[in-house]
Number of protein chains: 2
Amino acid sequence: MITIHHLGVSQSDRIVWLMEELKLPYKLKWYDRGSDGLMPPEYLALHPAATAPVIEEDGRMLAESAAICEYVSQRHAGGRLSVAPDRPNYFDYLYFMHWNNNVQGMFFSRLAARAGGTTNPVTGLIDRRENGYYRALEQQLAKNAFVAGPDFTCADVMVTFNLTSLSRFGGRTIDDLPNVQAYVGRITKRPAYVEAMRIAGPTAVRPNA
Amino acid sequence: MITIHHLGVSQSDRIVWLMEELKLPYKLKWYDRGSDGLMPPEYLALHPAATAPVIEEDGRMLAESAAICEYVSQRHAGGRLSVAPDRPNYFDYLYFMHWNNNVQGMFFSRLAARAGGTTNPVTGLIDRRENGYYRALEQQLAKNAFVAGPDFTCADVMVTFNLTSLSRFGGRTIDDLPNVQAYVGRITKRPAYVEAMRIAGPTAVRPNA
């Protein structure tokens, strides 16, 4: 049985979503952010990288959303929600499994640039890179119902957080991206998504609180 | 036949390394950075995300190092240098295939923080996250010869650039990480690495230049 160490208002909600999509059992252990908005010490201590999400299996701590999604799909669900190497959309799947970390890198860069003052010479580079990632997504969704092609996959679980919750923290909005907006409208109606957000989304109430 | 669109002094050199390790044929098309140190317009136009590396296969442009490595391994080399889901080190492989993008995100964030002035409130968060990623790597290399376990894999191809070339651009050094230093010493002696750096590394000379 997998335990999801869930940090409140964080991207660890996507692992809850994954488990709900796959209808796999899991335990949820909830951690609140500190008054500074950051991870509490108990969460920092879970994994040497000190990032969320972390899942626990047989006493082993596994970090990194995309690695967790692929691992759970392959080891616990026979590859369901993954895309096999012989499929025509295999590369698209791989590409969008890495999209989140690129976007989050630009999100942090923008935080740093903003904190430094009103003018920052790196802002132009951040804009170019961030807009590039979103442009690639917008173009992909002009031709495909889901980010890796015709079917819902782990890559959708990876991408969605950035299009919904990240703007709460100052992330890029999708107001200028009609295909991405339509996609978010569709994907957030999935029953497993609705259930996962009820359990662990940014407005979820901590259990037994 | 794959064409590697190689941006000079960039992480696209790792795709050359991959092809040399796998002994696969490829064509190399070289692009120099502009006088501003940035990508030239011809490179920006290759892919909607405007990132390096890009490879071309049958007229299709594929971007994102880790996705390219996995794709080439699975589609052109029968999964060689990848790790299959049934192996005990499968998760480690997945984890370190994503490590590069996390580290690069912190690298850009630090660039932005530095450019903003001497004190930046986000610097502490960047330090914590960046050090976490490197701590996870240092701990892994205390127990394993390679980042995903006992064997050389695509994950080594992904990680090494950050430990060698990135400090040229102001990236984190590894002076405080003895296991990582020893690893870099070992891995940079691999004949395929030496050959790849001769062809496309940061001090390589552009062909027919």
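**Exercise 1. Strand pairing in chain B**

Find how strands β1 and β3 of chain B pair, and over how many bridges.

*Solution.* Remember that you're looking at a predicted model. Start with β1 (residues 2-7) and β3 (residues 54-57) of chain B: the two run antiparallel and share three bridges. Two residues lie between the strands, and B:Asp58 takes a positive phi near 50°.

**Exercise 2. The fold of chain A**

Work out how many helices and strands chain A has, and compare its radius of gyration with that of a compact globule.

*Solution.* Count first: chain A has eight helices and four strands. Then read along the sequence, and you get β-α-β-α-β-β-α-α-α-α-α-α. Next, size. The C-alpha trace of chain A spans about 45 × 45 × 30 Å along its principal axes. A compact globule of 209 residues would have a radius of gyration near 17 Å, and chain A has 17 Å, so the two agree. Finally, look inside: 50% of the 209 residues in chain A are buried. Of the contacts in chain A with a separation of 6 or more, 64% join residues 24 or more positions apart.

**Exercise 3. The core**

Name the residues of the largest nonpolar core that touch the most other members.

*Solution.* This core has 130 residues, and the ones touching the most other members are A:Phe96, A:Met158, B:Phe96 and B:Met158. Zoom in on B:Phe96 and skip its neighbours within four places in sequence. You're left with contacts to B:Val147, B:Ala148, B:Ala155, B:Met158 and B:Val159. As background, nonpolar side chains tend to be buried together in soluble globular proteins.

**Exercise 4. Where the chains meet**

How many residues does each chain bring to the contact, and what rotation superposes chain B on chain A?

*Solution.* Chain A brings 41 residues and chain B brings 41 residues. On chain B's side, α3 (65-76), α4 (90-115) and α5 (123-143) each supply at least two residues. The top contributor there is α4(B), with 16 residues. Sort that side by class and you find 23 nonpolar, 13 polar and five charged residues. Now superpose: a rotation of 180° with 0.0 Å of shift along its axis puts chain B on chain A, RMSD 0.0 Å. The two copies are therefore related as by a two-fold rotation axis. Both use the same surface, as 100% of chain B's contact residues recur in chain A.

Methods:
Residues numbered from 1 in each chain as written. Chains lettered and ligands numbered in written order. Predicted model: local features only at pLDDT ≥ 70, side-chain atom pairs only at ≥ 80, totals over all residues. Contact = placed C-beta atoms within 7 Å. Nonpolar A, V, L, I, M, F, W, Y, C, P; charged D, E, K, R; others polar. Core = buried A, V, L, I, M, F, W, Y, C linked by C-beta atoms within 7 Å. Buried ≥ 20, exposed ≤ 12 C-beta atoms within 10 Å, placed from the backbone. Least-squares fit on C-alpha atoms with pLDDT ≥ 70 in both. Rg over C-alpha atoms; globule rule 2.2 N^0.38 Å. Pairing = 2+ DSSP bridges.
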